[in-house]
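These notes are meant for a colleague who is opening this structure for the first time.

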Amino acid sequence: MSSNNNRDEKNFSQAALDYHKAEPKGKIEVIPSKPHSSQRDLSLAYSPGVAVPCMEIHDKPETVYDYTGKGNLVAVISNGTAVLGLGDIGAEASKPVMEGKGLLFKIFADINVFDIEIDEKDPDKFIEIVKGIAPTFGGINLEDIKAPEAFYIEQRLKEELNIPLMHDDQHGTAIISAAALINSLQIANKDIDKVKMVVNGAGAAAIACTKLYISLGLKKENVLMCDSKGVINHKRENLTPEKLDFIAQTDIETLEDAVKGSDVFVGLSKGNVMTPEMLLSMNDNPIVFALANPDPEIAYDLALETRKDVIMATGRSDYPNQVNNVLGFPYIFRGALDVQATGINEDMKLAAVHAIADLAKEPVPEAVILAYNVQNLQFGREYFIPKPFDNRLITKVSSAVAKAAIESGVARKTITDFDEYEHQLLDRMGRDERLVRMMQSRAKSNPKRITLGNAEEYNVLKAAQILYEEGIAYPSLLGDKKYIKEQMERYGITLDVPIIDPSDDDQKENRKKYRETLWKLRQRKGMNEYKAKRYVRQRDYFGPLMLKHGDTDGLIVGFSKNYTSVLRPVLEVIEKDKGVDKVAAMMMILSEKKPIFFADTSINQNPTAEDLVNIAKMAEFTVKSFAIEPRIAMLGFENFAAISETSKKVAKAVSILHEKFPKMVVDGEIQPDFAMNADHLSDYPFSKLGTTPANTFIFPNLESANLSYKILRGMKVAQVIGPILMGLKQPVHVLQMRSSVDEIVNLATIAVLDAQRREKKS
Ligand SMILES: NC(=O)C1=CN([C@@H]2O[C@H](COP(=O)(O)OP(=O)(O)OC[C@H]3O[C@@H](n4cnc5c(N)ncnc54)[C@H](OP(=O)(O)O)[C@@H]3O)[C@@H](O)[C@H]2O)C=CC1
Ligand SMILES: CC(=O)C(=O)O
Ligand SMILES: [Mg+2]
């Protein structure tokens, strides 16, 4: 279940229920995509206007793709007979999985999904129902339908419908594992037409995988397939047609004997059926794909302990080389829909296989490395299949599939400019919640201790619960212990994390230690020892002192207090980064477009030109840490004119930046709408911004920065993350008063990333 081995299963199960139950219940919803605020809008959207496209479609059926959402709508359809590894749990119980798939289609490929659960086990009746509803959809993903019925159902629907249709448990698994097979064979230096393979499992996934491997060059006579009764050999009776196809002319009966002297083991059966002895009996550099979920046929660690030369993949996200369908289905359907393919044929599947396999051999971009918080990812034993958060998947796989559809003659629409198509794909993914996902995934790979102030507040407690259960951080709660416990009881939050009450007896030693530090820091700034003793009982000082002493790795404070009053003790205790004179704060703005950053939103009221230079430098550093190349616009209300006093100040900052940091992509003074628009930028060919819109905006004063982001937040057109405090030596962030749970989680995530980066540096 949870990959985080120190999270307890009960909490995780409860979190899964809470996650699904939170309003709006479930995981997907329908959102209108056209204006609907005036009487005219409504008369266009519905009667009488709607009759016009109806008749157009009636006269020219192909225009349904022009006038409706069909072209970007996929049905994820199940009858609930083989749900994950849970078996036949019924149509209704399968709905969370199908909704989940809808979520993945949307976030990874911007495809809309209706999940459809059909209470029908009779294959012929099921087929008739799917055919009846097919006109609604641009594509159909069959899911979790048990073998052998799945084979018949898919085959007939493919023949009788003319839209992209795929049973993902068969072909998604086959495509991803085939890509992994090609690459692992290269690493093992073995040829596909010579290797001996054992396939354990003979169900939907195993049969489809083996067929695809054969089309790639594997010799059928080199395959031994096993089901729950052992090797499928000539002695077996009552086999399904699909199993009959894999009968081996051998007397070998057991898996144990089958694997002896084999080169590849593919497990699509159940957990822990492969023993270390079996693994030891395989040839040199054995390839083991233990793909059963959630427990592989042999655990990753056990396999590597057993023999060092094993080349290993599993279905799990917590080990290298995860063979996961999500690398395939969003992008395969994206490519197929974009050319209105009449089906998903072998050429398209093979194109996806090679695109995925090739991608793993390309240099991995920094953003992916950061997302997984590793030193590097380089093609080899520990990395032969791309990572799910690799945002090149959409361009590589979808393009390859679309191209194959066109070339194999199943596309009803063509693409001539594939560079342009790739840009369109990236634009689709503009809304950069992906950045948040990537940040969280990086944090989870090496969670840090984060202390949350004002922990008596519901939002803070809920954020702590999410941080803990998601495995993003090890939170501790700072505040009044008794009151925190009462609040936890009141809100039904069970959370077994440290509660730190500065006045508590158990903090006596810490108070003493912190008092000495505080007094030493402040004794020449008017603080006497008595005051220091009093102050360490206050959480506003206690938190920063914990951080200073390494008793926590990061600090999030300020939920219920004014920003500057909480910031003051932080600045008194935590040192500034080298070369930093004044700290500043930045907001990350996530909207439909790419992420942008505003500074200084919270600290320096009327910065001088020199202050603006420092703010720009700190912003450059911070934006880079999100693996984004900063393009900095120094904002004013004139464009390169320097008439007003404010603009003169900004122009002076720009000239200092140009002189001191010639490589920095920064210019101004410029108005924000100009800095965001390539056409407007082209009027200033001398500008260092060129014609690529800026993503980082340094405002001339605090009011303009602060009010700008607050308007965006108030209009709910963007998610605003921050303020990210810049310029301190340790990760501490001061929340806006009454921040939302998400805002707290996001800032804590940023604090974890900061702590990881500093750990790496030291
Ligand atoms: N990592 C990934 O991407 C994916 C992993 N999977 C995993 O593959 C497994 C099978 O899924 P799927 O094909 O959809 O399911 P099916 O129900 O269609 O097939 C299961 C197969 O496993 C066989 N089996 C069960 N126990 C054993 C055993 N002890 N030894 C050998 N074979 C056994 C069954 O044998 P019999 O025919 O005799 O009943 C059957 O052939 C699941 O664990 C699933 O999690 C599936 C899809 C994707
Ligand atoms: C991964 C998947 O689709 C399954 O386990 O059914
Ligand atoms: Mg499935």
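1. The shell around ligand 2 is made up of 3 charged residues, 1 polar residue and 1 nonpolar residue, where Asp, Glu, Lys and Arg count as charged, Ala, Val, Leu, Ile, Met, Phe, Trp, Tyr, Cys and Pro as nonpolar, and the others, Gly among them, as polar. These surrounding residues are L84, E143, D144, D169 and N325, a residue being near a molecule if one of its heavy atoms lies within 4 Å of it.

2. On the basis of these values: this is a predicted model, in which local features need pLDDT of at least 70 and side-chain atom pairs count only at pLDDT 80 or more, while totals for chains, interfaces and linings use all residues. Residues are numbered from 1 along each chain as its sequence is written, chains are lettered from A and ligands numbered from 1 in the order in which they are written, and side-chain values use heavy atoms, with hydrogens and water left out.

3. Polar side-chain atoms approach oxygen atoms of ligand 2 from D169 at 2.8 Å, from D144 at 3.0 Å and from E143 at 3.1 Å; a polar contact here is a pair of N or O atoms within 3.5 Å. The protein buries 69% of the 220 Å² that ligand 2 exposes when taken alone, with accessible areas from the Shrake-Rupley method with a 1.4 Å probe.

4. Ligand 1 is surrounded by 21 residues, the closest being A202, A204, A205, S228 and K243, and by class this shell holds 9 nonpolar, 9 polar and 3 charged residues. Polar backbone atoms of A202 and of A205 each lie 2.9 Å from an oxygen atom of ligand 1, and a polar side-chain atom of N200 is 3.5 Å from a nitrogen atom of ligand 1. Of the 920 Å² that ligand 1 exposes taken alone, the protein buries 77%.

5. The second largest pocket holds about 500 Å³ of space; a pocket is an open set of points on a 1 Å grid over the protein atoms alone, where a 1.4 Å probe fits, with protein on both sides within 12 Å along at least five of seven lines, and lining residues have an atom within 4 Å of a point. Its lining has 31 residues, of which D577, M618, F621, T622 and G727 are the closest to its centre.

6. α26 gives the most to that lining, with 6 residues, and the lining of the second largest pocket divides into 14 nonpolar, 7 polar and 10 charged residues.

Definitions and conventions
A polar contact is a pair of N or O atoms within 3.5 Å; within protein, one must be able to donate a hydrogen and the other to accept it, and residues adjacent in sequence count only if both atoms are side-chain atoms. Grid points are joined across faces, edges and corners, and a volume is the space filled by probe spheres set on the points. Helices (H or I, at least four residues) and strands (E, at least two) are DSSP runs, numbered from the N terminus.
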